[in-house]
Amino acid sequence: MEDSWATLGVDLHLETGGEAMHSGVRKGLTDALREAVRGGRLAPGIRLPSSRSLAVDLGIARNTVADAYADLVAEGWLTARQGSGTRVAERAVPRPAAPTPRRRAAGGPTYDLMPGTPDLSTFPRAAWLKAARRAMAAAPNDALGYGDPRGRVELRTALADYLSRARGVRTDPDRIVICAGFAQGLSLLGGVLRARGLREVTVESYGLDVHWNLLKRAGLTTRPLPFDELGTSTDELGSGSAKVALLTPAHQFPMGVPLHPDRRAAVVDWARRTGGLILEDDYDGEFRYDRQPVGALQGLDPDRVVYLGTASKSLAPGLRLGWMVLPAPIAAEVIEAKGGAEWACGALDQLTLAEFITSGAYDRHVRGARLRYRRRRDQLVAALAARAPEVRATGIAAGLHAVLELPPGTERTVVQAASWQRLAVQGLASFRHPAARPPERDALVVGYGTPADHGWAGALEALCAVLP
């Protein structure tokens, strides 16, 4: 028969029948205890049961347990002292080998000015940890369960208030769905739209191919709208079969201009007239420097606009926290789609962000970040004026990047020169939709939010060195 001992959460399995009733029991118990200590299941300093109680638990002779203990004391695995009982011996824990220093990959960039990422070195770790402790202490037990596919109500409630006062969004917590960043939100929407029978989505001439590809994987084609001196043109919205438009109206990515007021009104009128839907990507709405922020398009018609926001620019993309504010007609379909998929949004991070917002820490962090990024933008503009006066920075009233207009035909050469100098930059051509109509423009899209403070001066120097 087989007995086990589960004291202190450790199972010791012994054969106590047949031949094992003799000398084998002592060896079996000794081996089992030794492996429990060696493997860390019995930690140093833990007091073991008396030989009498363990013998009773296992149904074996007390002398067998005493002899096994004595063997392990002799080997140094246990200690036995009068009045202290038998304990696991304290022992030196082998120190893990020091990690090999990480070296920069051969040919990798020394300076990173790629757009799309904030300065991760300024993530508010201490304030975030305080919020996490408060959130965890106040969290109800059901927060650790599977929960609501819309996300934690605490975060949805905090966001409804914040988005109303900061971005002019009109909503309530029931219309908000938390998602793992913008990409998951767009994927969910793409699947719902395809299930509705849609085949095409109108997009901007300049944007991110990863977004176009997400829609493509959902079975949707993308058709770009023209772009001119006033930004994205809405004149051709009704010329195709698309009943959905994906736009960045507050700060067009990457060109950096807001959607013209007349065109804001026109796109909302198109959606109302045709029963269309606008997907508003408000990726960096908190960061506006020279005038009041442009409010969310959603505020003009909450029934025709899906508002998508994220913590990726304001805090860090690694949090994987985003949100959708959904019109009632599509909300149930998106919630159902999310509930049947991988939710990928940790409840504890949601509770922490909710506490971070309601405590005022989020506003304080954004205010500090806004000042820091504005200072960098001003330094960039001043350096260009002094070192490369032929290069003009545009799209700089908001956001974490600038578009540097280059002389015609020089974009590819400048990007190559930057690569030789181990400076990571991105040309405007890489953001152009394959079906976009001419004219093409030569420019760099420079992310001035990406470098840490200690690397900003060097990155700026390297940038100026490669500009024509």
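Trainee: Which residue is the bridge partner of Ala393 in strand 16?

Mentor: The partner of Ala393 is Leu404. Please note that this is a predicted model, in which local features need pLDDT of at least 70 and side-chain atom pairs count only at pLDDT 80 or more, while totals for chains, interfaces and linings use all residues. Residues are numbered from 1 along each chain as its sequence is written, and side-chain values use heavy atoms, with hydrogens and water left out.

Trainee: What counts as a strand or a helix here?

Mentor: Both are DSSP runs numbered from the N terminus: helices are H or I with at least four residues, and strands are E with at least two.

Trainee: How many bridges join strand 15 to strand 16?

Mentor: There are 3 bridges, and the two strands run antiparallel. Two strands are said to pair if DSSP finds at least two bridges between them. The hairpin of strand 15 and strand 16 has 6 residues between the strands, and Gly395 in this hairpin takes a positive phi near 65 degrees.

Trainee: What is the strand order in the sheet?

Mentor: The order is 15-16-19-18, in an open sheet of 4 strands with antiparallel pairing. Strand 15 (392–394) and strand 18 (426–427) are at the edges with a single partner strand each, so one side of each has no neighbour in the sheet.

Trainee: How many bridges does strand 19 form with strand 16? And how many with strand 18?

Mentor: Strand 16 (residues 401–405) and strand 19 pair over 5 bridges in the antiparallel sense. Within that pairing, Ala402 has Val446 as its bridge partner, and Leu404 has Leu444. Strand 18 and strand 19 (residues 443–447) are also antiparallel, over 2 bridges. Gly427 is the residue opposite Leu444 there.

Trainee: Is strand 16 buried or exposed?

Mentor: Strand 16 has 5 of its 5 residues buried, so the rest of the structure largely encloses it. Buried means under 20% relative accessible area, exposed means over 50%, and partly exposed lies in between, using a 1.4 Å probe and protein chains only. His401, Val403 and Glu405 are on one side of strand 16, Ala402 and Leu404 are on the other, and all are buried.

Trainee: Which way do the residues of strand 19 point?

Mentor: Ala443, Val445 and Gly447 point one way, whereas Leu444 and Val446 point the other way. Strand 19 is mostly covered, with 5 of its 5 residues buried. In general, side chains in a regular strand alternate between the two faces of the sheet.

Trainee: Turning to the nonpolar cores, how many residues are in the largest one?

Mentor: The largest nonpolar core has 61 residues, and Leu404 and Leu444 are among those with the most contacts inside it, as are Leu315, Trp323 and Leu353. Helix 11 (residues 361–387) gives the most to this core, with 8 residues. A nonpolar core is a set of buried Ala, Val, Leu, Ile, Met, Phe, Trp, Tyr and Cys residues joined through side-chain atoms within 4.5 Å. A second, separate core of 25 residues includes Val177, Phe182, Leu215 and Ala331.

Trainee: What is Leu353 in contact with?

Mentor: Contact means heavy atoms within 4.5 Å. Leaving aside neighbours within four places in sequence, Leu353 is in contact with Trp128, Leu155, Leu315, Leu321, Trp323 and Tyr362.

Trainee: Where is Trp128 found?

Mentor: Trp128 is in helix 4 (residues 125–138). Its relative accessible area is 9%, so Trp128 is buried. Not counting residues up to four places away in sequence, Trp128 touches Leu353 and Leu315, along with others including Phe123 and Phe356.

Trainee: What volume does the largest pocket have?

Mentor: The volume is about 460 Å³. Of the 25 lining residues, Phe182, Leu208, His211, Asp281 and Lys313 are the closest to the centre of the pocket. A pocket is an open set of points on a 1 Å grid over the protein atoms alone, where a 1.4 Å probe fits and protein lies on both sides within 12 Å along at least five of seven lines; lining residues have an atom within 4 Å of a point. Grid points are joined across faces, edges and corners, and a volume is the space filled by probe spheres set on the points.

Trainee: Which elements each supply at least two residues of that lining?

Mentor: They are helix 6 (181–195), strand 7 (200–204) and helix 7 (209–217). The lining of the largest pocket divides into 13 nonpolar, 8 polar and 4 charged residues. Here Ala, Val, Leu, Ile, Met, Phe, Trp, Tyr, Cys and Pro count as nonpolar, Asp, Glu, Lys and Arg as charged, and the others, Gly among them, as polar.
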